[in-house]
Amino acid sequence: MAQTQMALDSLDFDGTVALAAKVAPHVDILEIGTPCIKHNGIKLLEVLRAKFPNNKILVDLKTMDAGFYEAEPFYKAGADICTVLGTADIGTIKGVIDVANKYGKKAQVDLINVADKKARTLEVAKLGAHIIGVHTGLDQQAAGQTPFNDLAMVAGLGLGVEISVAGGVKASTTQQVKDAGATIIVAGAAIYGATDPAAAAAEITAIAHGGSASAGGVKKYLPWLIAAAVLVLLFTLLGGKKAEEAAPAVEAAPAAEAAPAPAEAAPAEAAK
């Protein structure tokens, strides 16, 4: 099963809270996107943490320097995950990992624009990074790039870390991303750009959690399967009862045929 993450990218404070209210019941992680957290600040995190205690919250800081110092206030305010850029100095990355461990939280290393993604993934995993973020940015998506090659590489390393995938994921590609090794599937525009964001989030989560986008998996047919099983059981019981009722009649038949024999013998005895 993969978790789902909804990227909240709007600059509108109230609009972000309203959208979060719609999708929170249908996703595992609420992400405060980089433009959103830069514009609205830590106050937005505090509000979301208070309103949605059942969701994990990721703050996409994309830290590039002063890792421990920058991330600590957000972990204190309720963030479960903070991100640090894979292009940052290794000391910066270690700082975010260290402060995450201090608060029992997680640090995600974002591989966006990392030249040697394999080498950096191995390096940060050794440091104790909790999540590797395979991220195809908006500008890269516009140029036709997808996260699949990078995802295959990271998953193929078998490091035992969580793998987050972001970059144009939608319902039609969620299963492919999951099968390729993602443990956290991030969707943004596919949800907030939908006519019904809650329904879009629920559809993606159903797939990520193991269901089907079109049929809702076995759950859709479960009532019919139960009804069919009940009917089979009833027919079996009724059939067994009829067989039991018929059995005495079959056994009595030979006795009825044998009964006349003594009566036929009686005249012969009288003649003697």
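In which sense do strand 1 and strand 2 pair, and over how many bridges? Strand 1 (residues 3-8) and strand 2 pair in the parallel sense over four bridges; two strands pair if DSSP finds at least two bridges between them. Helices (H or I, at least four residues) and strands (E, at least two) are DSSP runs, numbered from the N terminus.

Please note that this is a predicted model, in which local features need pLDDT of at least 70 and side-chain atom pairs count only at pLDDT 80 or more, while totals for chains, interfaces and linings use all residues. Residues are numbered from 1 along each chain as its sequence is written, and side-chain values use heavy atoms, with hydrogens and water left out.

Within this pairing, A7 has E31 of strand 2 as its bridge partner. Strand 2 (residues 29-32) is covered on both faces: I29 and E31 on one side, and L30 and I32 on the other, are all buried. Buried means under 20% relative accessible area, with a 1.4 Å probe and protein chains only. Of the 272 residues of the protein chain, 41% count as buried.

The chain as a whole comes to 13 helices and eight strands. Among contacts (heavy atoms within 4.5 Å) between residues at least 6 apart in sequence, 65% join residues at least 24 apart.

Note on methods
Buried < 20%, exposed > 50% of the residue type's maximum accessible area, 1.4 Å probe, protein only.
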